[in-house]
Amino acid sequence: MMAQFREILKSQTVIVICSVVLCLLFLMTILAPWIAPNDPVAVNLAHKLQSPSMNYPLGTDHLGRCTLSRILYGARTSLGFAMLIFISSLSIGLIIGIIAGYKGGWIDQLLMRIGEGVMAVPNLLLVLGFVGIWGAGLKQVILALILVQWVYYARIIRGMVLSLKEQNYITAAKISGSSQWKIIKKHILPNVLPPLAVMGTLEMGWAIMDLSSMSFLGLGIQPPTPEWGAMIHEGKSYIRTNPALMIYPGLMIMLIVVSFNLLGEALSERFGIKRR
Amino acid sequence: MGLLEVKQINHSYHSGKLFKWNVQSNKVLNDISFTIEEGTCLGLVGTSGAGKSTLGKVILGIQPPQQGQILFQGYDIYRADKMTQRKIRRNLQVVFQDSYSSVNPRLTAESIISEPLENYERLTVAELKSTVISLLERVGLSEKDLNKYPHQFSGGQLQRINIARAISLKPKLIVLDESVSSLDMVTQSLILELLKELKQDFGLSYLFITHDIKAAFSISDRLGVLEKGELIELYESKEQFFYSKNPVVLQMRDSILAEHPRFRSITKREI
């Protein structure tokens with residue numbers, strides 16, 4: 001048992017390290033209310049821009065808020081909403097990809113042309129459009145990112161379904177009297193989901209980056225909610241005097257995005273999955 | 001009235017659909033007609049690209065032909081109402097050439113064989129399991145194989161599972177689309193023997209599509225030769241096929257390699 005575990009550790013070092021880092025980060029998000037030393041939104045101007053101390057382990061920002069607490073709570077926002085974007089876009093992409101791939105013909109053509117139309121619009125432009133209509137806010141950013149992201153999943157899933165559809169076992173299932181729904185549930189979904197889970201790890205990294213970028217530009221999460229991108233945005237005015245305000249959340253974004261990307265790369269290499 | 005009547009089937013594949021003036025048509029089936037009687041086996045032989053597999057798909061009801069009719073027990077399988085089509089489908093099953101791609105790699109032998117039964121029969125879990133076990137045993141496998149996945153079987157064993165799935169509903173006709181072509185000689189003869197036994201036991205009819213005229217000869221009652229989408233000959237007995245002077249049949253017969261390499265003609269190989 002131990003020898004087997006050691007073997008896995010040795011052969012899959014990247015997967016193990018990244019998984020441990022991500023597990024710790026997820027644990028951090030869950031335990032934030034218990035492990036955060038201070039209230040992340042409590043303003044205390046008397047303690048503004050303090051250096052690290054016992055009360056404030058990573059110091060305070062320009063409004064005297066505890067940086068460590070904000071980073072811990074910020075993980076909740078960043079990871080939570082990135083997860084929401086990932087799951088929503090994956091669900092939409094899954095449904096549209098399966099319909100397009102399985103039905104084929106004009107339905108496939110229509111859905112894919114709509115997808116290509118959406119892909120032609122850059123993320124930022126779409127967010128700016130939504131912000132122009134409804135004002136800056138998290139909802140607009142999430143909606144824009146989901147609207148852009150589903151297309152990638154839909155295209156990948158469509159490709160998988162197209163090749164699966166040609167397999168003899170799908171034809172045999174049709175001949176055996178299985179309904180379309182049963183074929184999708186029993187034969188297509190179980191073969192499509194595992195590679196998607198691997199690709200999802202890569203996409204999570206991008207979702208966190210996108211969300212943080214939008215917040216950095218002041219378009220996403222609005223103060224005083226702690227979020228890593230927004231923290232960098234707030235800290236940029238103090239880059240000369242207190243660079244730590246930008247460094248800590250920046251490091252967190254880097255750590256999580258690199259972990260997700262390396263894990264995704266290693267998993268796709270391990271299971272021989274081609275990405276877009 | 002035969003069990004299956006194929007009437008003047010014509011089918012083409014088109015390419016370049018985007019622009020109407022650029023459509024290229026490739027005729028794969030040209031005016032094909034034949035009948036299969038109940039309890040008999042019709043062997044359809046032909047070289048690669050002769051249209052054998054397309055004809056199989058057309059007969060199975062998954063590739064509507066552009067012209068012609070497929071009558072199964074007197075019902076047109078493409079024009080019948082949904083209920084009749086469902087009944088026809090129950091009586092019309094298939095075994096493909098590639099045994100590995102014919103089974104879902106994520107399902108166990110039990111799930112694979114029980115799929116048609118779940119669709120047509122209302123059986124309890126215990127009844128379903130005992131039916132699957134009896135089917136496995138009938139095709140030469142055992143209860144131990146019930147929970148195995150496809151990668152745990154050999155090609156021949158997988159083909160037995162495919163046959164078990166095909167006979168699970170006790171169909172009238174099974175389309176055997178190159179079903180033994182990818183197997184080694186020993187496994188091939190064992191599967192052919194199994195197919196002959198099942199034909200006797202269940203009163204099955206077969207449409208045996210193959211490029212291997214030896215295999216076709218061993219199992220078929222009648223033989224047809226498909227060439228470039230046309231059914232050029234239909235022999236009512238094996239003897240007629242054996243003594244045929246048709247150049248295509250002669251060419252196919254001459255291309256059979258002798259059992260031992262010593263007896264294979266060098267000149268034939270050069271040709």
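Helices (H or I, at least four residues) and strands (E, at least two) are DSSP runs, numbered from the N terminus. The model is predicted: local features need pLDDT of at least 70 and side-chain atom pairs count only at pLDDT 80 or more, while totals for chains, interfaces and linings use all residues. Residues are numbered from 1 along each chain as its sequence is written, and chains are lettered from A, with ligands numbered from 1, in the order in which they are written.

**Chain A**

Chain A has 10 helices and 0 strands. Its C-alpha atoms occupy a box of roughly 75 × 60 × 30 Å along the principal axes. Of the 276 residues in chain A, 41% are buried; a residue is buried if 20 or more other C-beta atoms, placed from the backbone, lie within 10 Å of its own, exposed if 12 or fewer, and partly exposed in between.

The unreviewed UniProt entry lists several "transmembrane region" spans for chain A, among them residues 12–36 and 140–157. Such annotations may be inferred rather than shown by experiment, and UniProt positions are given in the numbering used here, with feature names shortened. These two spans are set out below.

**Contact between the chains**

Chain A contributes 14 residues to the contact and chain B contributes 19 residues, where two residues are in contact if their C-beta atoms, placed from the backbone, lie within 7 Å. On the side of chain A that touches chain B, α7 (168–175) and α8 (180–216) of chain A each supply at least two residues. The largest share, 7 residues, belongs to α7(A). By class, this side of chain A comprises 5 nonpolar, 8 polar and 1 charged. Ala, Val, Leu, Ile, Met, Phe, Trp, Tyr, Cys and Pro count as nonpolar, Asp, Glu, Lys and Arg as charged, and the others, Gly among them, as polar.

**Chain B**

Thr84(B) is located in helix α2 (residues 82–90) of chain B. This residue is partly exposed because 15 other C-beta atoms lie within 10 Å. Between Thr84(B) and Lys27(B) there are 57 residues in sequence and 30 Å in space, C-alpha to C-alpha.
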